[in-house]
Amino acid sequence: MKHTVLSLLAVIMMTVMLCSCHSREKIVYVQGADVIGSFQNPTPYEARIAKDDQLSILVTCSDLLLAVPFNLQRPQASMQEGGGSYSTNINDNDNLYYRVDSNGDILFPSIGKLHVEGMTRGELSDYLTNYLSSKGYISDPIVNVSFTGAHYSVIGEVNNPGIISMTQDRVTIFEALAAAHDMTIFGERDKVQLMREENGTQKVIRLNLKDPQIIASPYYFVKNGDVIYVEPSGTRAANREVSNLSSFAISITSILITIASLIITVTK
């Protein structure tokens, strides 16, 4: 009886070890990169303003009062009955933003409608700087443009799925996965799906992160609103079933060992 129980336990332990084994080829990124060598992405990435983006635009100069009409102002309650006032503190612009509308435009204070879709942050900053100085509004304007509220989502076989804020313009697919604490060992490295809206159309792009040419892909960099889905391996469900079976078998083995110990104790 004792020999039988120990044999059963050994079989269960071997099954668990086999289920936990994954070949190196299934979990390694950019395989063969050492053979290909280094190369540049043929389409250098620059984050460009798109519809529904949120922009923070702050205009400053040596005379702060001159910049006030060109910054968003936060309404403040007036102490006078029936009145209203607006803050003139430039710092109040910090939490205000412009949303790019469905036509790719924003309404800019004292200037009006501006078409900003397709511009980089630098291009918009240069445009506003030149406009304010050439029109004689401000002789020394400084215009700071930044994206606010930009984010992407990572779901599927990653260790920490969720919505992740973009703190910089350039985020690679690998940096996005790193922010989600990387894939689990069950994630298919060659079956990562990137869901992106372009020109009003939803696209689903399949990415192979084992292929070193991924660095040259136009989808190597993540954009605001992207959803990254890591597909589970075909054996994921099977492994779960085996894991459940192993747990059940271990429980049964523990019961059998207890019973065997009692029998041995009683028959002594």
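What share of the contacts in the chain with a separation of 6 or more is accounted for by residues 24 or more positions apart? In this predicted model, such residues account for 65% of those contacts. The chain holds seven helices and twelve strands, and buried residues make up 33% of its 268 residues.

Before the architecture is followed in detail, the confidence of the prediction deserves attention. The mean pLDDT of the chain is 81, with 67% of the residues reaching 70 or more. Where pLDDT is low, the predicted coordinates should not be read in detail.

One part of the architecture is an open sheet of three strands, arranged in the order β4-β1-β7 with antiparallel pairing. Strands β4 (98–99) and β7 (142–148) stand at its edges, and because each has a single partner strand, one side of each is left without a neighbour in the sheet. The pairing between β1, which spans residues 54–60, and β4 is antiparallel and rests on two bridges; within it, Q54 has R99 of β4 as its bridge partner.

Against this sheet packs helix α5, residues 121–134, which touches β1 and β7 and whose direction makes about 150° with that of β7. The helix has 14 residues and reaches 20 Å from its first C-alpha to its last, close to the 20 Å expected at 1.5 Å a residue. Its buried residues are L124, S125, L128, Y131 and L132. These cover an arc of only 135° around the axis, and therefore they lie on the same side of α5. After α5 comes G136, whose phi is positive, near 80°.

Another part of the architecture is an open sheet of five strands, in the order β9-β8-β12-β10-β11, and here the pairing is mixed. Its edge strands are β9 (162–165) and β11 (201–207), each of which pairs on one side only. From one strand to the next, the twist averages 20°.

With β8, residues 151–156, strand β12, residues 227–232, runs parallel, and four bridges join the two. With β10, residues 187–198, the pairing of β12 is antiparallel and extends over five bridges. The residue Y229 of β12 can be followed in both directions: I155 stands opposite Y229, and Q193 also stands opposite Y229. A further position in β12 is P232, which is the bridge partner of G187.

Terms used. Residues numbered from 1 in each chain as written. Predicted model: local features only at pLDDT ≥ 70, side-chain atom pairs only at ≥ 80, totals over all residues. Heavy atoms only, no water. Pairing = 2+ DSSP bridges. pLDDT = per-residue confidence, 0-100. Contact = heavy atoms within 4.5 Å. Axes fitted to C-alpha atoms, helices over the stretch in contact; angles between N-to-C directions. Expected span 1.5 Å × (residues − 1). Buried < 20%, exposed > 50% of the residue type's maximum accessible area, 1.4 Å probe, protein only. Arc of directions from axis to C-beta.
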